[in-house]
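Visitor: I am new to this structure. Could you show me how to read it, feature by feature?

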Amino acid sequence: MDTHYTATAKLLHWLIALMIFGMLGFGFYMTGLDLSPTKLELYSWHKWAGVTVFLLVLVRLAWRIGHRPPALPAHMPAIERLAAHAGHHLLYLLMLAIPLSGWLMSSAKGFQTVWFGVLPLPDLLAKDKALGNLLETVHVALNFTLIAVLLGHVGAALKHHFIDRDDVLTRMLPRRRG
Amino acid sequence: MKRIALALLASFAFAATTAHAVEYGEVQPDKSRIAFDYQQMGVAMQGTFGKFASALRFDPAAPQTASARIEVELASVDTGSEEGDDEVARKTWFDTKGFPVARFESSTVKPLGGNQYEVAGKLTIKGTTKDVVVPATFTPQGGSGVFEGALTIRRGDFSIGEGAWKAFDVVANDVVIRFRITAAAR
């Protein structure tokens, strides 16, 4: 069995990783701005990027279902395997829940999301200030959870690479030629 | 005696003229609404003005004699978000301190047939007055009448949104003002 992830899985992983880090910084930056045309533009781009990440995650999930990832190294104890699976499930869950909460928050606050200014997403919630504020709290809390899980994810990858010296990190990297 | 008879006669005559001329003019604020539609980053947004005063006279039998005057308290704006409400009160938008009221005053009312009318008048916002023509409908409803209509204005014409907001790429130039004013017959 191949010890590497498929090229598609790698591409999706790194593309989404890049977007998530970008979006986290973007999100914290834009919310601190005073209202200006730039702020409104940034919010729109944030929403458009969020919808894009959501769709990419769906593609990734579909790919993941059809393509079994390489097995975890044999040396891993049961507790580490459990942690790895739980962590990955949580990441997928958050990658879907965060854009969803953002979309719903936007609806509840009375701002429809129109993807790239072209494709209007339906407003599943009617305008409701209290609900909008609640969903904002949920969106922020989910993002802090994501940051915590990502720290664990990156930490685990580095531990595998530098301490366990196995292929868990490298199998998600481009293949070396030769 | 003669004087009383004259007074009676006069009041009969008055009653006669008012009997066939139902005039709508008692505005019912709780059944009236002024809203506006605008586009922000390609997204349709809606706002309202909570406070406005209107004085109108409308006799369906003699629409030409009708008149309307509407004064909107700009500080009562609800743009859809608190941040937006604070923003539009500023000098670059409505400048509600300098120009607290927006005013529409009709000059002529032209019946277009059916329940359709064309109300021409002057719209003043932020110190700028423009001639506007407002298409409106009138629908009698029990003892009162409902006036409805919409008018598209360009915010740039009234310097609403200056400085950084002057470009129309983020907040569009066109703003649709929609009104529904209910007035009881007097």
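This is a predicted model: local features need pLDDT of at least 70, side-chain atom pairs count only at pLDDT 80 or more; totals for chains, interfaces and linings use all residues.

Visitor: Which annotation covers residues 24-184 of chain B?

Guide: An unreviewed UniProt entry annotates them as "domain: Lipid/polyisoprenoid-binding YceI-like".

Visitor: What should I look for inside a protein?

Guide: In soluble globular proteins, nonpolar side chains tend to be buried together. Here the largest nonpolar core has 33 residues. Val72(B), Val119(B) and Ala136(B) touch the most other members. Several strands of chain B each supply at least two residues of this core, among them S1 (24-27), S5 (67-73) and S9 (128-141). S11(B) gives the largest share, five residues.

Visitor: What does Val119(B) contact, leaving aside its neighbours within four places in sequence?

Guide: Its partners are Ala68(B), Ser106(B), Val109(B), Val134(B) and Ala136(B).

Visitor: And what does a second core include?

Guide: It is separate and has eight residues, including Met23(A), Val57(A), Met95(A) and Leu146(A).

Visitor: Back to chain B. Is Ile181(B) buried or exposed, and why?

Guide: Count the C-beta neighbours. Ile181(B) has 24 of them inside 10 Å, so Ile181(B) counts as buried. Its place is in strand S11 of chain B. Beyond four places in sequence, Ile181(B) is in contact with Val27(B), Ser32(B), Ser54(B) and Phe147(B). Arg154(B) is 27 residues away along the chain, and the two C-alpha atoms are separated by 23 Å.

Visitor: Now chain A. How many helices and strands does the secondary structure come to?

Guide: Chain A has four helices and two strands. Read from the N terminus, the order is α-α-α-β-β-α. The C-alpha trace spans about 50 × 30 × 30 Å along its principal axes. Of the 178 residues of chain A, 16% count as buried.

Visitor: How do I read contacts against sequence in chain A?

Guide: Take the contacts between residues at least 6 apart in sequence. In chain A, 71% of these join residues at least 24 apart.

Visitor: How far does helix H4 of chain A reach?

Guide: Compare its span with the expected one. H4 (residues 129-164) has 36 residues and reaches 50 Å from its first C-alpha to its last. That is close to the 52 Å expected at 1.5 Å a residue. Leu135(A), His139(A), Leu146(A) and His160(A) are buried in H4(A). Helix H3 (78-108) of chain A is part of what covers them. Just after H4(A), Arg165(A) takes a positive phi of about 55 degrees.

Visitor: How many residues of chain B are in contact with chain A?

Guide: Twelve residues of chain B are in contact with twelve residues of chain A. On the chain B side, strand S3 (43-49) and helix H2 (82-89) are the elements that give two or more residues. By class, that side has six nonpolar, four polar and two charged residues.

Visitor: What confidence does the predictor give?

Guide: Start with the complex. The predictor gives an ipTM of 0.80 and a pTM of 0.83. Chain B averages a pLDDT of 90, and 89% of the residues score at least 70. Over residues 15-20 of chain B, pLDDT stays under 50. The model has one contact beyond four places in sequence for that stretch.

Terms used:
Residues are numbered from 1 along each chain as its sequence is written. Chains are lettered from A and ligands numbered from 1 in the order in which they are written. The expected span of a helix is 1.5 Å times one less than its number of residues. A residue is buried if 20 or more other C-beta atoms lie within 10 Å of its own, exposed if 12 or fewer, and partly exposed in between; C-beta atoms are placed from the backbone. Two residues are in contact if their C-beta atoms, placed from the backbone, lie within 7 Å. Ala, Val, Leu, Ile, Met, Phe, Trp, Tyr, Cys and Pro count as nonpolar, Asp, Glu, Lys and Arg as charged, and the others, Gly among them, as polar. A nonpolar core is a set of buried Ala, Val, Leu, Ile, Met, Phe, Trp, Tyr and Cys residues joined through C-beta atoms within 7 Å. UniProt positions are given in the numbering used here, feature names are shortened, and annotations may be inferred rather than shown by experiment. pLDDT is the predictor's confidence in each residue, from 0 to 100.
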